[in-house]
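Subject: The two-chain model, with notes

Hi,

Here is the structure I promised to pass on to you.

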Amino acid sequence: MSFRKRNIGLSAGVDRAAIPNASAQPTPPESIPGIRPSPDDGRPTTSTGTPSLDGLLAGHAGLPMGKILLIEENGTTDFAGALLRYYAAEGVVQEQKIHVVGVPEQWGRSLPGLIGTAESLEKRSDKRKDERMKIAWRYERLGEFGAGIAGSRDAPTPTGDTDAASKQAAFCHAFDLTKRLAHPSITNMTFIPLVPSRGSPFVAILKRLQDAVTSAGPNTIHRIVIPSLLNPTMYPPDACQPEYVLQFLHSLKALMSAHATRITAMVTLPLSLFPRSSGLVRWIELLSDGVIELCPFPHSADALATSGAATSQEEPPQGMLKTHRIPVLHERGGGSDQNVGQDWAFNLSRRRFEIKPFSLPPAEGDKEAQDAPASSGMPKKADLEF
Amino acid sequence: MPSQPPLPPLLTSYLSSQPESSLTLISSILGATSNWLVLRYLYSALSTSNSSNAAIGFDESHNGAKKVVLVSFLRGWEFWRAEAKRLGLDLARLSDKKQFAFVDGLSELFCPPQTANAAPSPSPISAGFPARTTIPLRGPPGAVPGRAPVSALPALRNDNVARSPAELGVAKKLHFSGRGTAALDALEKDIIAVIEQLKAANDESEEVLLIIDQPDFLLAATGASMGIGATEMSEWVMGLQQTVHTTALTVAADSPLIHNAAASGNQQSTPVEGEHAAFAIGLAHRASSVMQLRTLETGAARDVSGVLRISRGGGLSGANGLDEKELLYYIQRDGSVKVFGRGES
C-alpha cells in the first residue's frame, strides 16, 4: 500500500523537493542501459539516437517510454529515414530489441556506424573543453534542456574525472552515416515483412509485435521502427484505407500502453503522398504522441541556405523542422514549453543530425534587392504619410 | 507563480451546472488537446472538498454526490489515473466506492487479448457479431475488483507485470467486433451495463455524468465499409444519453476533418472527412453548450497554451442563460491550469 502511494507521488513529480529520493524510481531501475528518468517528471525515457532531437522533446531529454513519435517529411529526400536509422542504431547499441516493419533486412545493414558516445563527439567539437567550470561535471551527462533541474536527481559520480564519467553507461551515442554498424547485438533486430493477405495487411504485423513483446522478459526494452508508413512501394494499395491503418495504430497504441515502460516507437510518413490536409493523415497524427514535420529546403534555396549560417564554421541548415505535438506535454494540454512555437532548422552532416533554432541570415550581398525598391513597386515615404 | 486552484474560478459555473439531459461538446485540435478540461469535469463532479467552490453555495450539496462514467477511446486508465492524481482525485478509490467507473476503449477495442488467440483477428469482413463471447476475459461485468487478490481473476494469470493492480480500476474493456449497428449496439450495451451498475450502488444520488472521450475515433476507424456512418454514431450517442443525467463528449475539430467536407464540388472530400464533419457538426447542433479548444491564431506564446471558446449549442436547453465567452488558458508545468480573459494575465 505504502509502496503504491510513493510510486504515484513520484510519477506525478510536481514538486522538485520530492524528487531527490531516487531509490523509489518507477519500474525500470536505472540499471537498464539506455533508460534514464526524465529530468522533468521522472518518467523513464530513452534516447532517439539524436541528441538534439532528444533535447526538443519538452524537457524530458529523451523519448518517454510508451510513446509513439511520428516524423513526417515533405519532398523526396530521406532525412526522416536518417533519423530512423539513428533511432534503430541507438537501440542496437543499448541492446534493446528492434522490430522493423515492412522493409527487407538490407535496411538493417545500412545502420550508421558507432563512433563513440554523443558526449565524446560533443567534446571533440567543443572548443571550450579546457576551460570547463568545476561545477559542470555533475551536469555533463545530461541533455542540454532542463539540465539545471536534472542535476539534483542524478547520483553524483564518484570522481570528477571525465574518464569515470565516460565509463558510465552512455544514454546517447554518436554515429557516422558513412560507416556501417557492427555490433554484437545487431542480431536483436527482427524484420517483420508485409505478407499479402486478404483484409488488413496490418493484422499479421500486429500479431507478431504482440507475440514478441509478451514473450520477451519484463526487462527487455523494445523499439518499434516503421519506415515510410503507407508508402505504396511497400504497402498494398488498400493499406491506406482508414479502417485498416487507423485500427492498426490504435492497437499499437494499446499495446504500448499495456507495456508502457518497455516500448517506444518511431514512425515516418511521406507527406508528399499523404498530405497533412487530409483527414486520414490528421487522424494518424492524432493517434501519435509526438508529431514532427520536416520541410527540406528545395535546391533553389541553396543560396539562402549557404548564407543562412551565422558563421562560417556552422553548417548551413538543410530544412525547417516543425513540432506539431510533443509527447506528454500536449497530452496534458500543451503550450508551456519554451521550445514550442520556435522555428527550427535541421542539418544533417556525416556525423550528426542537428536541430537548432532557425534564424534568417543577414542580407549580405543583396545590394540590388535593396536598391531596386526605390525605382519599382515600393511606395515612397510621401505616399505613406497621411 | 502562486499555485492555481484545481478548478479555475472562471470555469466553475460552466463545469458544475449542467441542466438535465444536456449534452456538452468539447472540441479539440492536434495542438490543443482536451484532456485537461475533461479532468476538470471529473474534478467538479467528484471532488468532495469544496474549498475552491465556496462561491457557489447552493451547488455544494451536489458536489461530490455525482457519479461519473468515463469512456475513453484514445487514452488508457494509467493516464487518467495519474493525471487525476495531480488534481488530488483518487480515481481508483472512487471506483471502489462506486462513484466513478472507467470504461477502457483503448486496450482491447480492435485487438483481442493475447489469451484469446484462438480467434486470430477481428477481420472487418467477418460478419455476425459474437461479441459477447470474447468478453469474459474480464470476469463478470459486475466485478469492479477493488482490492481483490489477483489470483481470483482467472484471466490475469497471464504472466505479465503489465497487468498491474492499477488496472483493477477499469470497469470494462470494450471490444469492437462485427459490423454496423450491431457492433455499436454491443458497445452500447456494455457501457449501459456499467452505468446501471453505478446507479444501482446504494447512494441517494442518481445523477450520472457520462463523459465519452473521442467517440469520433470509432467513426474514423470503422467507416462506411463496416457499416458505420455519422447517423449511426449519432444514434449511438443518443441511446447512451438517454440513460444518464448529463453527457459530455470530446471530438477532434481539426480543420482537415471539418472543412474538407465543405469544399463542395471538388472530389477532395474523403469519406473519413465527410462523415466526421457530419458527426461533429450534428453533435454541435444538439449540444446545449460547445467548448472549443484551439491554439492561438497568431502563433505560439510563452504564457498561453490556447484559446477556450464557450458558446451555446443548437440544442433546446442551450438558449437559456449561458454566458458566451472566449478565454485564454495556460497549462503550467505541474499540470495546473490558469484561465483568464484576453488582456488579463
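Below is what I found, beginning with the ground rules and then going through each chain and the contact between them.

This is a predicted model, in which local features need pLDDT of at least 70 and side-chain atom pairs count only at pLDDT 80 or more, while totals for chains, interfaces and linings use all residues. Residues are numbered from 1 along each chain as its sequence is written, and chains are lettered from A and ligands numbered from 1 in the order in which they are written.

**The two chains**

Chain A has 14 helices and 14 strands, and chain B has 10 helices and 10 strands. Helices (H or I, at least four residues) and strands (E, at least two) are DSSP runs, numbered from the N terminus. In chain A, 45% of the 386 residues count as buried; in chain B the share is 47% of 345 residues. Buried means that 20 or more other C-beta atoms lie within 10 Å of the residue's own, exposed means 12 or fewer, and partly exposed is in between, with C-beta atoms placed from the backbone.

Of the contacts in chain A with a separation of 6 or more, 72% are between residues 24 or more positions apart. For chain B, the corresponding figure is 72%. A contact here means that the C-beta atoms of two residues, placed from the backbone, lie within 7 Å.

**Helix α8 of chain A**

With α9(A), helix α8(A) packs at an angle of about 5°, the axes being 10 Å apart. Axes are lines fitted to C-alpha atoms, for helices over the stretch in contact, and angles run from 0 to 180 degrees between N-to-C directions. The two helices are therefore roughly parallel to each other; angles under 35 degrees count as roughly parallel, over 145 as roughly antiparallel, 65 to 115 as roughly perpendicular and the rest as oblique. The residues of this contact divide into 9 nonpolar, 2 polar and no charged. In this scheme Ala, Val, Leu, Ile, Met, Phe, Trp, Tyr, Cys and Pro are nonpolar, Asp, Glu, Lys and Arg are charged, and the others, Gly among them, are polar.

**Where the chains meet**

In chain A, 44 residues are in contact with 54 residues of chain B. The largest share of the chain A side, 10 residues, comes from α9(A). By class, that side has 16 nonpolar, 21 polar and 7 charged residues.

Helix α10 of chain A (279–287) packs against helix α10 of chain B (271–286) at about 70°, with axes 8 Å apart, and the pair is therefore roughly perpendicular. A:Gly279, A:Leu280 and A:Trp283 make the contact from α10(A), with B:Val272, B:Glu273 and B:His276 from α10(B).

B:Gln214, in the loop between β5 and α7 of chain B, has a positive phi of about 55° although it is not a glycine. B:Gln214 counts as buried because it has 23 C-beta neighbours inside 10 Å.

Happy to go through any of this with you.

Best wishes
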